[in-house]
Amino acid sequence: MFRCIGLFVTATVSITAVEKSAAIPGEIRGAALHGSALYTWGTEFAVWSLPDLTRKILAPGIFGEGGCLVDLDGNGAPEFIGYEGTGLGQLTYRQAPDWRPQTVDSQIEMHDCREATLFGRRGVLMVNRGMLRARAVGM
């Protein structure tokens, strides 16, 4: 099960739960927890191991706040669906191990998303300019 949270961090963040401070490079616009890892996106897509906060950059890029971790192929490993670019950007799908983007849609502006099954098809619900938009991705 994936849980999405929103983060807006542009400077140094103090992590009191683990009694540690971590310098956050660039900007984090969104994040999601998966097991003992925190995935973040903003000026890069990265994974942070918890609780030691070791960061690994998975992909460079400009990511908007809209994004979520999903498991559309059902293998138990997280995949990323997100808004990339500035202004009206692209909706992309990324999977491990190389996290290369696959463009799903263009000219979008998304603020949040969530994995869902609609009419028997796995996909993603997107909050797009204050409206709900369903888009089947992958399966």
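1. Thr92 counts as buried because its relative accessibility is 2%. Here buried means under 20% relative accessible area, exposed means over 50%, and partly exposed is in between (1.4 Å probe, protein chains only). Thr92 is part of strand β10, residues 89–95. Strands (E, at least two residues) and helices (H or I, at least four residues) are DSSP runs, numbered from the N terminus.

2. A word on the source. This is a predicted model, in which local features need pLDDT of at least 70 and side-chain atom pairs count only at pLDDT 80 or more, while totals for chains, interfaces and linings use all residues. Residues are numbered from 1 along each chain as its sequence is written, and side-chain values use heavy atoms, with hydrogens and water left out.

3. What surrounds Thr92, leaving aside its neighbours within four places in sequence? Thr92 is in contact with Phe80, Ile81, Gly82, Glu84, Pro101, Gln102, Thr103 and Val104; contact means heavy atoms within 4.5 Å. With Glu84 there is also a side-chain polar contact of 2.4 Å. A polar contact is a pair of N or O atoms within 3.5 Å; within protein, one must be able to donate a hydrogen and the other to accept it, and residues adjacent in sequence count only if both atoms are side-chain atoms.

4. β9 (residues 79–84) runs antiparallel to β8, and five bridges join them. Two strands are said to pair if DSSP finds at least two bridges between them. Seven of the eight residues of β8 are buried, so this strand is largely enclosed by the rest of the structure.

5. How many disulfides are there? The count is one, taking a disulfide as a pair of cysteine sulfur atoms within 2.5 Å. Cys68 and Cys113 form it, with an S to S distance of 2.1 Å. The angle about the S-S bond is -120°, and the link is left-handed. Cys68 sits in β8 and Cys113 in β12 (residues 112–118), so the bond ties together parts that are 45 residues apart in sequence. Cys68 counts as buried because its relative accessibility is 0%; Cys113, at 4%, also counts as buried.

6. Strand β4 (residues 28–34) is mostly covered, with five of its seven residues buried. Six bridges pair β4 with β5 (residues 37–42) in the antiparallel sense. One of the bridge pairs is Ala32 with Tyr39 in β5. Two residues lie between the strands of this hairpin, and Gly35 takes a positive phi near 60°.

7. Is Gly61 buried, partly exposed or exposed? Gly61 counts as partly exposed because its relative accessibility is 24%. Gly61 lies in the loop between β7 (54–60) and β8 (63–70). Apart from neighbours within four places in sequence, Gly61 is in contact with Gly42, Thr43 and Glu44.

8. Finally, the whole chain. The protein chain has 14 strands and zero helices. Of its 139 residues, 40% are buried. Among contacts between residues at least 6 apart in sequence, 31% join residues at least 24 apart. The chain exposes about 7600 Å², with carbon and sulfur atoms supplying 55% of it. Accessible areas come from the Shrake-Rupley method with a 1.4 Å probe; for residues, only the protein chains shown count as cover.
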